[in-house]
Amino acid sequence: MTKGNGEDPKPGSRMERIQQGVRKRTLLAKKKVQSITKDDVKSYLMRNAFVLFTVVAVILGVILGFSLRSYKMSYREVKYFSFPGELLMRMLQMLVLPLIVSSLVTGIAALDSKASGKMGVRAVVYYMSTTIIAVLIGIIIVVIIHPGKGTKENMHREGKIVQVTAADAFLDLIRYGYDIAHFLYQ
């Protein structure tokens, strides 16, 4: 019915309509939750396994970091313990720059010649400005929180001759393997 017929098209106050809408959505949500099966949960976990493993790894890393802080590790133990993180950072560094450059080149190549000049300049300016902002944020955070402070103060190696073990040589081979291969086959 319309207002022209003398009837109000919206019965009740605005608050009543909002409450009615909330009740409808609540009932729909309850029905959806009740219809979830074990297979739905399994498929959700499989689709989001990488994100879940990442969150679990971050939580474990924080717990390990705080629990091992009181344990006075030697320089070699610290090197062994930090090796997986160092390897991950090297792999990310090897991956990020080529990925960004190739995506920029691919995006510019898909444009016509008139638009590619303007778009290329915009892309380079955007990339450089976001890189500068990221570097500034990184420097500010490092100045504020001083990561690693106190961890290597007791581990001065100056004046000491450290015996190199087979494990050190193997870790160096993995750590610097890409650099050595790049140097040899250049």
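**Reading the model**

Analyst: The accessible surface of the protein comes to about 16500 Å², and 69% of that area belongs to carbon and sulfur atoms. Such areas come from the Shrake-Rupley method with a 1.4 Å probe, and for residues only the protein chains shown count as cover. The model is predicted: local features need pLDDT of at least 70, side-chain atom pairs count only at pLDDT 80 or more, and totals for chains, interfaces and linings use all residues. Residues are numbered from 1 along each chain as its sequence is written, and side-chain values use heavy atoms, with hydrogens and water left out.

User: How many helices and strands are there in the protein?

Analyst: Helices (H or I, at least four residues) and strands (E, at least two) are DSSP runs, numbered from the N terminus. Here there are 7 helices and 0 strands, giving the pattern α-α-α-α-α-α-α along the sequence.

User: What percentage of the residues of the protein count as buried?

Analyst: Buried means under 20% relative accessible area, exposed means over 50%, and partly exposed lies in between (1.4 Å probe, protein chains only). Of the 186 residues in this protein, 5% count as buried.

User: How far does helix H1 reach from its first C-alpha to its last?

Analyst: The expected span of a helix is 1.5 Å times one less than its number of residues. Helix H1 (residues 14-34) has 21 residues and reaches 30 Å, close to the 30 Å expected. H1 is hardly covered, with 1 buried residue among its 21.

User: Which residues of H6 are buried?

Analyst: In H6 the buried residues are Asp 168, Leu 171 and Arg 175. Seen down the axis of H6, they fall within an arc of 65°, so they line one face of the helix. The arc is that of the directions from the helix axis to the C-beta atoms. Ala 166, Phe 170 and Leu 173, on the other side of H6, are exposed.

User: Where is Thr 165 found, and which residues is Thr 165 in contact with?

Analyst: Contact means heavy atoms within 4.5 Å. Thr 165 is found in the loop between H5 and helix H6 (166-175). Leaving aside neighbours within four places in sequence, Thr 165 is in contact with Arg 76 and Tyr 80. With a relative accessible area of 28%, Thr 165 is partly exposed.

User: How many salt bridges does a search of the whole structure find?

Analyst: A salt bridge is a side-chain nitrogen of Lys or Arg within 4 Å of a carboxyl oxygen of Asp or Glu. The search finds 1. Arg 90 forms a salt bridge with Glu 86, and the closest N and O atoms are 3.7 Å apart. Both residues lie in helix H4 (residues 75-109), 4 residues apart, about one turn of the helix. Arg 90 is partly exposed at 26% relative accessibility, and Glu 86 is partly exposed at 22%.
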